[in-house]
Amino acid sequence: MNYTVVLPAAGSGKRMKANKNKLLLELFDKPIFLYTLEVFQQDPACEAIWLAVKEEERQIIDQYVTKYKITKVHGYADGGMERQDSVRACLEAIPPCGVVLVHDAARPFISQDVITRLVETAKACGAAIAAVPVKDTIKKADNGIITETVDRNALWMVQTPQAFTYDLILKAAKAAVEDGFLGTDEAMLVERLNHPVQIVESTYENVKMTTPEDLIYGKAILESQIQEGQR
Ligand code: CTP
Ligand code: MG
């Protein structure tokens, strides 16, 4: 099943404290976002890549896209104030298609297997998201005093990619903007339309490069993926 991927890449990377968009930071020999792009460039089922970028970064990003022969990049949309705005700009720019995958450009270690399962599940159910079981014991607290130990079996740490049929995610994105609703992921926009969202179990390697120590972990993951012939 073919799909189009939308990659929000227009953030500021404030928590990375690098004084620039963290996606331009290098892991070994190239910027973070190129590792993400290469996964989709190499997936035969990926038909088109669309990126949301800041206007002032479009040129530098496009230069890398050309240099590394990411030929599946079909276009760019202008990033917005919030991640949700950046994703919506892309969704409004892409031609209608079957399944749309939304994936943070800041998650370069996504596995091909998870992508394939997400696309198949979205095709069957309309909406599917990558997630991993919570590893730690989670407690609720009030003023620092434990009020409850939450049942871990019901908890999932949600990641991207999140996959949807084109009509559903476009409808959900439009409804959110009309209602002034700001979600932290795309699934929330679909959940509020009372459409079921299916979890697809992902890997713990699919971390988002968010804070400086993530770069240390990221380099280790890359080394292991290279050793295992995945890159
Ligand atoms: N993103 C975007 N547009 C925004 C904000 C974020 O396209 N207005 C993108 C980021 O570039 C990233 C992804 O959404 O690929 C996930 O966001 P996050 O990890 O929060 O990145 P930043 O917003 O850049 O980082 P921070 O929140 O620390 O500033
Ligand atoms: Mg952010």
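Modeller: Buried means under 20% relative accessible area, and partly exposed lies between that and 50%. Keep in mind that this is a predicted model.

Colleague: Why is Cys-46 called buried?

Modeller: Its relative accessibility is 3%. The cut-off is under 20%. Cys-46 therefore counts as buried.

Colleague: What makes Cys-97 partly exposed?

Modeller: Cys-97 has 21% relative accessibility. Buried would need a value under 20%, and exposed one over 50%. So Cys-97 counts as partly exposed.

Colleague: How do you know that Cys-46 is too far from Cys-97 for a bond?

Modeller: A disulfide needs two cysteine sulfur atoms within 2.5 Å. The cysteine sulfur closest to that of Cys-46 is in Cys-97, 10 Å away. Seen from Cys-97, the closest is the sulfur of Cys-46. That is too far for a bond. The disulfide count is zero.

Colleague: Which backbone atoms lie 3.2 Å and 3.4 Å from an oxygen atom of ligand 1?

Modeller: A polar backbone atom of Ala-9 lies at 3.2 Å. For Ala-106, a backbone N or O atom lies at 3.4 Å. The protein covers 88% of the 570 Å² of accessible area that ligand 1 has on its own.

Colleague: Which residues come nearest to ligand 1?

Modeller: Among the 19 around it, they are Gly-13, Lys-14, Lys-22, Ser-86 and Lys-208. By class, the shell has seven nonpolar, five polar and seven charged residues.

Key:
Residues are numbered from 1 along each chain as its sequence is written. Chains are lettered from A and ligands numbered from 1 in the order in which they are written. This is a predicted model: local features need pLDDT of at least 70, side-chain atom pairs count only at pLDDT 80 or more; totals for chains, interfaces and linings use all residues. Side-chain values use heavy atoms; hydrogens and water are left out. A residue is near a molecule or strand if one of its heavy atoms lies within 4 Å of it. A polar contact is a pair of N or O atoms within 3.5 Å; within protein, one must be able to donate a hydrogen and the other to accept it, and residues adjacent in sequence count only if both atoms are side-chain atoms. Accessible areas come from the Shrake-Rupley method with a 1.4 Å probe; for residues, only the protein chains shown count as cover. Ala, Val, Leu, Ile, Met, Phe, Trp, Tyr, Cys and Pro count as nonpolar, Asp, Glu, Lys and Arg as charged, and the others, Gly among them, as polar. Buried means under 20% relative accessible area, exposed over 50%, partly exposed in between (1.4 Å probe, protein chains only).
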